[in-house]
Each structure stands twice: as structure tokens, then as C-alpha cells.
Amino acid sequence: MNKRDLDRCLTDMQAGDNGAFARLYEATVRGLYAFLYAYYADRADTEDAVHCVYVKVKTNCLQYRPGTDARAWMLQIAKNHALNELSRRKRESPLEAAAQLRSYDRPLQGTAFDALNTLRDAERETVILHVLWGYKHREIADMKKIPLGTVTARYKKAIAKMREYIEKEEGHA
């Protein structure tokens with residue numbers, strides 16, 4: 001797909017055309033994967049990053065300026081995502097990393113996802129943004145235009161609810 005076609009896909013996406021997103025994905029996924037693999041050098045991490053980047057492209061398509069280089073715009077999103085993710089990983093304390101590994105050691109069988117689904121929408125969104133996307137509470141507060149204390153309280157309450165749900169489920173196992 002040439003530059004003009006990619007530009008057209010993004011402008012169509014801005015107008016709400018989901019078919020344009022599918023066309024953009026099909027035309028760029030291999031190149032985006034190869035680009036991100038250079039950062040991660042791991043197949044699973046690269047696939048996760050590709051997914052995250054396409055979500056960001058879809059949610060931020062209104063920020064794209066028609067007539068500019070769509071491929072460069074997407075690759076900048078990909079580069080920023082990769083650098084932020086790798087930086088976040090370096091900042092993680094060994095205790096946080098160990099806690100994450102412990103949670104992966106036991107079979108989840110959907111329990112974590114079930115627990116996530118017990119949350120209110122705002123709580124679920126906060127947990128996903130913080131845990132899965134790696135946003136800091138301050139960044140979430142800025143993004144959602146709510147006080148930092150609200151984000152922190154919402155996150156703590158959500159984690160407590162999830163922990164309670166998981167412990168209850170493990171007690172029944």
C-alpha cells in the first residue's frame with residue numbers, strides 16, 4: 001500500500017470507517033512487527049506490542065494530520081510504545097517482577113480475567129491502564145482528567161476486590 005493509500009485509510013478511520021482500520025492493519029502488520037522485533041527480540045513481547053500499537057493507532061487516529069506520512073506517524077507511535085515499555089521494565093523493582101512471575105506460575109484458568117470482570121468500568125479501566133499498559137497513576141489522572149487521589153483510591157479498591165475474588169475462588173478449588 002502506498003503513502004496515499006495509507007493516508008486515506010487513516011482519514012477514513014477518522015470518519016469512523018472500521019473497514020479502513022482493517023485495510024491499514026493488513027497492509028502494515030508485517031512491517032510493524034519487524035520494526036518492533038528490533039526492540040524486543042522476543043516473539044511474544046513483539047506480538048503484544050503490535051497489538052498495543054494498533055490499539056493506540058485506532059484510539060489516536062484523530063491526532064493524525066491528513067497529508068502527512070502515515071507510516072512515519074505509526075512508526076513513531078510504535079517507537080514511543082517500545083521505548084516506554086522497555087523503560088518501564090527497567091524501572092520495575094525486583095519485588096514487583098517476582099510478584100508478577102509468581103502470578104504466572106500458577107494456572108490462572110481465567111480467574112484473573114474473571115476477577116477483572118467483577119469490577120466497575122472505571123475500576124477495570126484503571127487497572128488495565130496501570131497494570132497492562134504500564135501507565136503511572138499520575139499519567140492516568142492526567143489522561144482521564146481526574147484527581148490523582150481518585151485514581152489511587154480506585155486502583156487500591158479494585159485490587160482489593162480482585163484479590164478477594166481470587167482468594168474466594170481458590171478456596172473453592
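Predicted model: local features only at pLDDT ≥ 70, side-chain atom pairs only at ≥ 80, totals over all residues.
Residues are numbered from 1 along each chain as its sequence is written, and side-chain values use heavy atoms, with hydrogens and water left out.

The chain contains 9 helices and 0 strands. Helices (H or I, at least four residues) and strands (E, at least two) are DSSP runs, numbered from the N terminus. Along the sequence the pattern reads α-α-α-α-α-α-α-α-α. Of the 173 residues in the chain, 28% are buried. Buried means under 20% relative accessible area, exposed means over 50%, and partly exposed lies in between (1.4 Å probe, protein chains only).

Helix α1 covers residues 3–14. Its 12 residues reach 17 Å from the first C-alpha to the last, close to the 16 Å expected at 1.5 Å a residue. The expected span is 1.5 Å times one less than the number of residues in the helix. N2 caps the N-terminal end of α1. A side-chain oxygen of N2 lies 3.0 Å from the backbone nitrogen of R4. Such a polar contact is a pair of N or O atoms within 3.5 Å; within protein, one must be able to donate a hydrogen and the other to accept it, and residues adjacent in sequence count only if both atoms are side-chain atoms. The buried residues of α1 are L6, D7, C9, L10, D12 and M13. An α-helix has 3.6 residues a turn, so residues three or four places apart point the same way. Just after α1, G16 adopts a positive phi of about 95°.

Helix α3 spans residues 43–59. It has 17 residues and extends 24 Å between its first and last C-alpha atoms, close to the 24 Å expected at 1.5 Å a residue. At its start, a side-chain oxygen of D42 comes to within 3.3 Å of the backbone nitrogen of A44. The buried residues of α3 are T46, A49, V50, C52, V53, Y54, K56 and V57.

Two packed helices are described by the angle between their axes and the distance between the axes. Helix α2 (residues 18–40) packs with α3 at an angle of about 140°, and the axes are 9 Å apart. The pair is therefore oblique. Axes are lines fitted to C-alpha atoms, for helices over the stretch in contact, and angles run from 0 to 180 degrees between N-to-C directions. Angles under 35 degrees count as roughly parallel, over 145 as roughly antiparallel, 65 to 115 as roughly perpendicular and the rest as oblique. The crossing of α2 past α3 is right-handed. A crossing is right-handed if the near helix is turned clockwise from the far one by less than a right angle, and left-handed if anticlockwise.

T28 belongs to α2. It is buried, with a relative accessible area of 9%. A polar contact of 2.6 Å links the side chains of T28 and Y54. Y54 is among the buried residues of α3.

The structure holds 0 disulfides. A disulfide is a pair of cysteine sulfur atoms within 2.5 Å.

R88 lies in helix α4 (residues 70–91). This arginine is buried, with a relative accessible area of 15%. Its side chain makes a polar contact of 2.7 Å with that of E85. The C-alpha atoms of R88 and Y135 are 9.0 Å apart, although 47 residues separate the two along the chain.

Helix α6 covers residues 111–116 and includes D114. A112 is also placed in α6. Both residues are partly exposed, D114 at 37% and A112 at 23% relative accessible area. The C-alpha atoms of A112 and I166, 54 residues apart along the chain, are separated by 7.1 Å. For D114 and I166, 52 residues apart, the separation is 8.7 Å.

K145 sits in the loop between α8 (137–144) and α9 (148–172). It is exposed, with a relative accessible area of 73%. Its phi is near 60°, a positive value in a residue other than glycine. Most residues other than glycine have a negative phi, and most peptide bonds are trans.
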